[in-house]
Amino acid sequence: MRLYNTLTGEEKEFVPADGNTVRMYVCGVTPYSSTHVGHALSYVVFDTLRRYLEYQGYQVRHIQNFTDVDDKIIQRAQEAGISEEDLTAQYIDDFFRTMDALNIRRADVYPRATQEIEPILDTIQSLVDKGFAYPANGDVYFRVNRKEDYGKLSHRTLDGMIAGARIQVDEDKEHPMDFVLWKGAKPGEPSWESPWGPGRPGWHIECTAMSLRYLDYPLDIHGGGQDLIFPHHENEIAQSEAHTGIAPFANHWVHNGLLQLGEDKMSKSLGNLVSVEEALERNSADALRLYFLSSHYRSPLQYSDDGSAAMERSMDRFHHALRPSEADVNVSGDAGSMDPAPYRERFIGAMEDDLNTPQAIAALFDLAREINRERDSGRSTTAAQATLRELGGVLGLTFEESSAGSDELAAKPFIDLLVNTRTELRQARQFALADRIRDELAAQGVVLEDSAQGTVWRYQRGAW
């Protein structure tokens with residue numbers, strides 16, 4: 001498998017350091033508001049990468065953090081009149097609930113900054129002892145000019161960073177780009193004791209301490225959104241390599257493109273959010289996963305209701321291909337004459353090519369189309385259907401047709417009968433009656449989709 005490495009700007013063959021266990025660290029959320037679909041895009045991408053590596057026989061050790069102490073958390077908790085712990089607990093629960101709903105496998109460990117203070121302090125002390133960091137009036141800063149290759153991930157120079165940034169003058173800093181490792185306590189804020197006085201961790205240092213504690217170095221994969229390349233991941237590299245003396249800190253830096261709403265990236269700070277909960281009210285989890293994976297993971301993706309609805313219709317093509325045929329029922333022990341191996345080879349070839357999920361999905365749609373052709377010819381397709389389920393599972397698709405209620409389930413045989421009757425009427429060129437059936441079904445929230453392979457139907461989400 002070849003993966004693009006942000007650090008080198010090139011695709012590189014992926015092989016874990018020990019040849020078997022993949023050490024993967026993915027930056028997590030700051031839990032002060034609802035989990036949104038921008039988060040979901042990133043975690044679907046890394047869930048898919050993990051699933052594919054496991055499909056290929058690797059063991060994956062997956063760590064993902066929560067930044068549960070932060071200026072925004074403190075502000076939001078004060079506005080709500082609750083403790084920071086209560087606020088973060090609420091939104092961590094929301095995160096797990098929505099990730100589970102999207103069939104995203106949980107990481108092995110979810111360390112939290114507030115529960116890792118001791119290893120964070122040890123890491124900072126090491127940097128101070130080695131001259132890479134210095135205390136100043138209760139804060140501790142990292143010396144960026146002590147790391148000669150600082151800027152190598154974002155491919156920037158220190159002069160270029162200063163010219164392109166709005167930097168507040170801080171007399172405590174030796175260099176304008178020095179970044180904080182420990183923040184001195186302020187009145188009314190949570191704090192912990194340290195050798196430099198009470199305070200709390202800076203943003204970047206937690207990931208260095210956590211990844212070293214739970215994975216050891218070098219990491220095989222360090223992942224996150226492209227918005228984390230600078231300054232977060234740039235600073236992580238500097239402090240991690242300074243602390244351990246090991247370079248590279250991570251063998252592969254994998255960054256996903258950002259989800260956009262209109263012209264802007266979707267973000268909490270901009271307030272242009274669509275929560276995962278809202279998205280799941282209109283779409284199935286499979287449709288959302290298919291939507292996110294229909295674009296290459298390094299490319300930006302425009303989010304829209306029309307786009308997600310189109311993926312819901314696309315999922316119906318898979319559902320149709322996976323329904324039992326008359327041949328499957330009547331032929332005992334016959335897996336069919338169709339050979340699904342070429343589609344599996346195409347799928348694997350696409351995934352090996354820098355996780356090219358759009359091409360992998362195209363192979364699955366071609367497989368579904370061939371299944372339908374075989375069914376129309378009266379042949380069994382059980383082996384091909386099993387392959388479709390197997391490969392779809394690598395993408396995290398469940399192929400569940402609906403979270404249907406009892407009324408919806410009871411209606412299915414009658415809808416199938418009406419759809420088949422409509423097909424016969426159209427073949428008999430009785431179009432007026434066929435259109436009447438279509439319109440009556442639409443009025444009841446049942447949408448028909450006609451194609452060369454036949455007609456499939458789905459419930460309009462929210463109608464039942």
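Me: Let's start with Phe142: is Phe142 buried or exposed?
Reply: In this predicted model, Phe142 is buried, because its relative accessible area is 0% and the cut-off for buried is under 20%.

Me: And Phe179, what's the relative accessibility there?
Reply: Phe179 comes out at 6% relative accessibility, so Phe179 counts as buried too.

Me: How many aromatic pairs does the structure hold?
Reply: There are 17 aromatic pairs. One of them is formed by Phe142 and Phe179, which are stacked with 5.0 Å from centre to centre and 15° between the planes.

Me: Which strands do Phe142 and Phe179 lie in?
Reply: Phe142 is in strand S6 (residues 139-142) and Phe179 is in strand S7 (residues 179-184), so this pair ties together parts that are 37 residues apart in sequence.

Me: What about Phe318 and Phe365, how are those rings arranged?
Reply: Phe318 and Phe365 are stacked as well, at 4.4 Å centre to centre with 10° between the planes. Phe318 belongs to helix H10 (residues 305-322) and Phe365 to helix H13 (residues 357-376), so the pair links parts 47 residues apart in sequence.

Me: Are Phe318 and Phe365 buried or exposed?
Reply: Both Phe318 and Phe365 are buried.

Me: New topic: which residue lies over the face of Phe230?
Reply: That's Arg156, at 4.3 Å from the ring centre of Phe230. In another case, Arg298 has its charged end over the ring of Tyr4, 4.0 Å from the centre of that ring.

Me: Last one: which residues form one aromatic cluster?
Reply: Tyr43, Phe66, Phe95, Phe96 and Tyr110 make up one aromatic cluster.

Notes. Residues are numbered from 1 along each chain as its sequence is written. This is a predicted model: local features need pLDDT of at least 70, side-chain atom pairs count only at pLDDT 80 or more; totals for chains, interfaces and linings use all residues. Side-chain values use heavy atoms; hydrogens and water are left out. Rings of Phe, Tyr and Trp (its six-membered ring) pair if their centres lie within 6.5 Å; planes under 30 degrees apart count as stacked, over 60 as edge-to-face and the rest as tilted. Helices (H or I, at least four residues) and strands (E, at least two) are DSSP runs, numbered from the N terminus. Buried means under 20% relative accessible area, exposed over 50%, partly exposed in between (1.4 Å probe, protein chains only). A charge sits over a ring if NZ of Lys or CZ of Arg is within 6 Å of the ring centre and within 35 degrees of the ring normal.
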